[in-house]
Amino acid sequence: MAAAGAAGLALSGLAGVPGAVAQSGIPPVDQIVHSPNIRQIANIPKQAPFNTTNALGTDIAFTGDHAIVGNYDGFVIYDIKQPSKPEIVSQVLCPGSQNDVSVSGNLLFLSTDSSRSDNSCQSAPLPASNKGAWEGIKVFDISDLKNPKYVSAVETDCGSHTHTLVPDEKTDSTLLYVSSYAPAANLPDCQPPHDKISIVKVPNQAPQDAALIATPVLFPDGGNPGGDNPDGTRRSATTGCHDLTAFPEKNLMGGACMGDGVLIDITDRLNPRVIERVQDNVNFAFWHSATFNNDGTKVVFTDELGGGGLATCNAKFGPNRGADGIYDITGTGDDRKLEFRSYYKISRYQAETENCVAHNGSLIPVKGRDIMVQAWYQGGISVWDFTDSANPKEIAWWERGPLSNTENITGGSWSAYYYNGYIYSSDIQKGLDVLDVRDRATAPGKSVKFDEFNPQTQPRYGR
């Protein structure tokens, strides 16, 4: 847990932190560097059977004093009652990438987006061209966190790359909006055009009855056709969505759908309606995820240029590629528009062996300010303020040196989220990191507590 670089975590009130680090200033392999107002307080390395290079750590969901972290080989439940001393409660071996997770009460939901021989946790890989292959949603009972129990599964077309949880209180159920993409003519369960999402309903008192109940089409015109960029990268065509973020209190959903960014009305939960759609065919390659501000008047979309495996935090790609796009939501009702304001990207250059691009993050709950913590793979973690949409500013940053100086190894922070006063990061190779940010700008967030938090289901705070 050694932390190199500036120390001393007094409240600093920094408006910004040091800018780009030249190539010669890249820290040595695995060395930790950070701004003065943030530090690592804990790390738990990946444990067997999840301690291989291919067992990638993925997304995080939170319930009470526990964090649940997905892994390509299953999931891990951590006790975080003492953030500086997290402990592993249980590990469940259940292979099937990405194994993104969400939680509702005593139920845990797991996304499987790699074709398997069946829907069990003992399944083996099977080509997606085989009609018998399975991909979709798995449901677990976690009422006993030490002994999660597999309850049911629902197959969905093209699998479940990610999913977004929306409570359905009227029917005492949980709705899962499934994002999936990349159809092909030779894939019997993933046929083009696949311009839709899938909605799975899970009765809270009878999760064994989980079922697919709707497959609404979001892009009847086919969406962005995609294309080639001058630098050799490709602008993705829209063949489904990568990630959806719900804001249930506002009846809104933000869709990051490969070639399109969309604003969706979910007043009628089973009939989501696209009310606004934008494209950025100059700088965005792959619309990856979305985060609303607390008022539901802005959306931050991320561009996962290179699919998460490319070194894009460098002079070659500059400040606007592989970045965040900040959009204001203007107008009302069906006349709402997404108005582009600016890009945000970390300014510290990374090594050519470091995969680095905008990835998963969440708001830090500070009333009256729009502040976000965000993962950048091997670019580390950035805390930044977009209260002024046109002029985002970094508040704090933390990162490790490259995993290797000689080879490209996929690693770094997959997800970095703020929960009950601390930042929790799922590092693809290094396990669970816990960070403490101490700054006047973020200090009010320490007092906001949640009983449950799924970052793709945004709660409202400070009402």
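**Close-up views of peptide bonds and aromatic rings**

**View A.** P193 is located in the loop that runs between β12 (173–179) and β13 (198–203). In this naming, helices (H or I, at least four residues) and strands (E, at least two) are DSSP runs numbered from the N terminus. The model is predicted, so local features need pLDDT of at least 70 and side-chain atom pairs count only at pLDDT 80 or more, while totals for chains, interfaces and linings use all residues. Residues are numbered from 1 along each chain as its sequence is written, and side-chain values use heavy atoms, with hydrogens and water left out. The bond from P192 to P193 is a cis peptide bond, with omega near 10°. The loop between β12 and β13 also holds A182, whose phi is near 65°, a positive value in a residue other than glycine. Most residues other than glycine have a negative phi, and most peptide bonds are trans. A182 has a relative accessible area of 43% and is therefore partly exposed; buried means under 20%, exposed over 50%, and partly exposed in between (1.4 Å probe, protein chains only).

**View B. A cis peptide bond joins S97 and Q98.** Omega of this bond is about -5°. Q98 belongs to strand β7, which covers residues 98–104. N99 lies in strand β7 as well. The phi of N99 is near 60°, positive although the residue is not glycine. N99 counts as buried because its relative accessibility is 0%.

**View C. F62 and F453 form a stacked aromatic pair.** Their ring centres are 6.1 Å apart, with 20° between the planes. F62 lies in strand β3 (residues 57–63) and F453 in strand β32 (residues 452–453), so the pair ties together parts that are 391 residues apart in sequence. Rings of Phe, Tyr and Trp (its six-membered ring) pair if their centres lie within 6.5 Å; planes under 30 degrees apart count as stacked, over 60 as edge-to-face and the rest as tilted. F453 also stacks with F450, at 6.0 Å centre to centre and 15° between the planes. F450 counts as buried at 18% relative accessibility, and F453 does so at 6%.

**View D. Ring pairs link six named residues into a cluster: F284, W287, F301, Y327, F340 and Y343.** The structure as a whole holds 21 aromatic pairs.

**View E. The charged end of K446 sits over the ring of Y422.** The distance to the ring centre is 4.3 Å. A charge sits over a ring if NZ of Lys or CZ of Arg is within 6 Å of the ring centre and within 35 degrees of the ring normal.
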